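Dear colleague,

I am passing on a structure that may be new to you, and my notes on it follow just below. Please read them with the sequence and the model side by side.

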Amino acid sequence: MRILIGAVAVMLLAGCSTSPVPSSQASQAPAQQLLKFQSKPAGSFGTVQVIRDSGHTGSFCSMAVFIDGEKVALLDPGQKAAFFLPPGPLTLGAAYSGSGMCGMGAERIERDAIAAQNSVKKYRVFTGGDGQIDILPTTL
């Protein structure tokens, strides 16, 4: 029975890939979904913006965003969030968040990223056709 439930969960999360959402069309995530790095630090800083794709794949689950292993936000499809960080390299991650079938999805993925001084770097969180999540730079 557990195997059947797991297989159904994977099939629901897999299937079609999601669609990119340009930053200008993404909705701002509400404040209660933003957990860290929301205040601009004194001195120089870089802005990292994360935009979650739209689409049905995984849409019933929030996507947790991580910076250097810390959960910093929960994004729903078509939402974006900006994080104000000291300039330099960081590790950006994403994973489905929640209980039940949301907790049985793909493992957290992590990628090297950068907070560039006085600049906005954009990253896209998406689910591919194979049901795997990823987070990569974008110019959208």
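In this predicted model, Met63 stands opposite Tyr96, a residue of β6. The strands concerned are β3, which covers residues 62-67, and β6, which covers residues 88-97; they run antiparallel and are joined by 6 bridges.

This pairing belongs to an open sheet of 4 strands, in which the order is β4-β3-β6-β7 and the pairing is antiparallel. At the edges of the sheet lie β4 and β7, each of which pairs on one side only. If direction is ignored, neighbouring strands of the sheet are turned against each other by 30° on average.

Two loop residues also deserve a look for their backbone angles. Most residues other than glycine have a negative phi. Asp68, however, has a positive phi of about 50° although it is not a glycine, and its place is in the loop that runs between β3 (62-67) and β4 (70-75). Asn118, likewise not a glycine, has a positive phi near 55°, and this residue is found in the loop between β7 (109-115) and β8 (120-127).

Is Asn118 buried or exposed? With a relative accessible area of 65%, Asn118 counts as exposed, because that term is used for values over 50%.

When you open the model, you could begin with Met63 and Tyr96, which stand opposite each other, and then turn to the loops that hold Asp68 and Asn118.

Note on methods:
Residues are numbered from 1 along each chain as its sequence is written. This is a predicted model: local features need pLDDT of at least 70, side-chain atom pairs count only at pLDDT 80 or more; totals for chains, interfaces and linings use all residues. Side-chain values use heavy atoms; hydrogens and water are left out. Buried means under 20% relative accessible area, exposed over 50%, partly exposed in between (1.4 Å probe, protein chains only). Two strands pair if DSSP finds at least two bridges between them. Axes are lines fitted to C-alpha atoms, for helices over the stretch in contact, and angles run from 0 to 180 degrees between N-to-C directions.
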